[in-house]
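Q: I have the sequence and the model open. Please show me how to read its features one at a time.

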Amino acid sequence: MSSKNPSLRRRALVVALSALVLSGTAFASDRVNVTGLSNNEPVDGFLVTYREGSASKASALKQQRALNQAAASAFGRTKPVTLKRERTLGIGAELVVADRSLDRVDAETLMRQIAVNPDVEYIEPNIRLYPTLTPNDTFFNLQYGFQSGVGGSNVDQAWNLGFFGAGKIVAVIDTGYRPHVDLNANIINGYDFISNVATANDGNGRDASALDPGDWTVANQCFAGSPARNSSWHGTHVAGTVAAVTNNAAGVAGMAFNAKVLAVRALGRCGGTLADIADAVTWSSGGTVAGVPAVGANKAHVINMSLGGGGACAAASAMNVAINGAISRGTTVVVAAGNSNANVSGFTPASCPGPGGSVTNGLIVVGATDSAARKASFSNYGTRVDVSAPGVSIASTLNAGTTVPAADNYVYYSGTSMSAPHVAGLVALMHSKPSVDRTPAQAEAIIKANIKPFGAVPSPGPLGTGIINALTTLNATP
């Protein structure tokens, strides 16, 4: 009877169209990751992934036309903004930049408008990530993290097995490196992936030098209310924990002191962008990044990322896609859990699910413990943390300059940034045994199964299976 009633037919059509619109909106929402947006930090770009086989994927012109329409629809003439497709990342996502900084509300509005295009598979802000560092300027000439005490990694005993990381490369994606007498012999100059000249602080954008010119800032430089900071030389400290020159009667030891560190610069003043870090991960593991010479024989066996920022990392996130690509190329990826004493579920890359989202897949998230084997007060926690390692008062190589480089020195730092390179170095030790390298997932499984107990149950949440035990891990590695 209704098929003969025009009024009822119109009403049914309106209902159907309304349902379609609401369904499309919900679908678009599933494709928009806004968790990384901050009330403090402005956004000036997005990472957009287009569906394989779509018209937008095949045509840069169609992409740009859709971006122009999205910008016009989002703000019209009230708050005009221009969007430009800048480049394709190594993972295939597009970096889209805006001609003005956007606050949280405007960024989310624009992202949702871009996602109206059905060709858009995923969109996220090009967030900044920062070294996960809690500095401590008190220096003691003691590396408990390498010792066999309750809170140490037992690597001093593991070295007696005769495997020191020879022939293996650990990529340290960080602030770059400073030449240091206790590090030079084990450093490979990688690449500088920082594309923003102001952030790079070396007078140019991307280039072939991973040297760290310093990442000092003045107040309000990074965002309104951001504090002034001295240069951290963070990458140099992390590199020293991995592979400082050892048995030279000077300075500090390194976890895998016969391995090499591939220094890859992706963090500068005010941190580093998701786009640059994702390209660094892709390149270090042997993937292709347009305009950057191939890593070649210096391809990393392990990647260390002692860095992080706010926002959940979804399966489709650029960071997770880059990590998955690295693992698929045989590179184990180690990341710091973060220093906010919060659940890692809200942080990138610590919350990245990795390949297939399985618990053991070659992406190792590392929490921090102290010399008494207790959870470090600052360490993030949660079910996504795989294992823990020493991260309080860790002595390593540094530079004495407060802004620009000065003399070599050694300093204690604390943070999950310091825990992660203990694990990255351990993977290098495992791979240096005379057998076929374990797959990333196999390496992770062995490490997690061969641990030392915590001195107390981590609170308020879990911190992985335990504290790394280099001796039992190497013995269990075929």
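A: Helices (H or I, at least four residues) and strands (E, at least two) are DSSP runs, numbered from the N terminus. This is a predicted model: local features need pLDDT of at least 70, side-chain atom pairs count only at pLDDT 80 or more, and totals for chains, interfaces and linings use all residues. Residues are numbered from 1 along each chain as its sequence is written, and side-chain values use heavy atoms, with hydrogens and water left out.

Q: Is Thr236 buried or exposed?
A: Buried means under 20% relative accessible area, exposed over 50%, partly exposed in between (1.4 Å probe, protein chains only). Thr236 has a relative accessible area of 0%, so Thr236 is buried.

Q: Which residues is Thr236 in contact with, leaving aside its neighbours within four places in sequence?
A: Contact means heavy atoms within 4.5 Å. With neighbours within four places in sequence set aside, Thr236 touches Gly176, Tyr177, Arg178, Leu183, Ser396, Thr397 and Leu398.

Q: At what angle do helices α7 and α10 pack?
A: Two packed helices are described by the angle between their axes and the distance between the axes. Axes are lines fitted to C-alpha atoms, for helices over the stretch in contact, and angles run from 0 to 180 degrees between N-to-C directions. Here α7 (residues 234-243) and α10 (residues 416-431) pack at about 35°, with their axes 8 Å apart. From α7, the contact uses His234, His237, Val238, Thr241 and Val242; from α10, it uses Ser417, Met418, Pro421 and His422.

Q: In what order do the 4 strands of the open sheet lie?
A: Strands of a sheet pair through backbone hydrogen bonds, either parallel or antiparallel. Two strands pair if DSSP finds at least two bridges between them. In this open sheet the order is β2-β3-β1-β4, and the pairing is antiparallel. β2 (83-88) and β4 (120-125) are the edge strands, each pairing on one side only. On average, neighbouring strands are turned by 30° against each other, direction ignored.

Q: How many bridges join β1 to β3?
A: There are 5, and the two strands run antiparallel. Phe46 has Val96 in β3 as its bridge partner. Another 5 bridges join β1 to β4, where Leu47 stands opposite Glu124.

Q: Why is β1 described as largely enclosed by the rest of the structure?
A: Count its buried residues. In β1, 6 of the 8 residues are buried, so the rest of the structure largely encloses the strand.

Q: Which residues of helix α4 are buried?
A: In α4 (residues 104-114) they are Asp106, Ala107, Leu110, Met111 and Ile114. Seen down the axis, they fall within an arc of 130° (taken from the directions from the helix axis to the C-beta atoms), so they line one face of α4. These buried residues pack against β1 (43-50), α3 (60-75), β2, β3 and β4.

Q: What happens at the start of α4?
A: A side-chain oxygen of Asp103 comes to within 3.2 Å of the backbone nitrogen of Val105.

Q: Where does Val295 lie?
A: Val295 is in the loop between α8 (274-284) and β11 (302-305). Its relative accessibility is 8%, so Val295 counts as buried. Leaving aside neighbours within four places in sequence, Val295 is in contact with Leu262, Trp283, Ser284 and Gly286.

Note on methods. A polar contact is a pair of N or O atoms within 3.5 Å; within protein, one must be able to donate a hydrogen and the other to accept it, and residues adjacent in sequence count only if both atoms are side-chain atoms.
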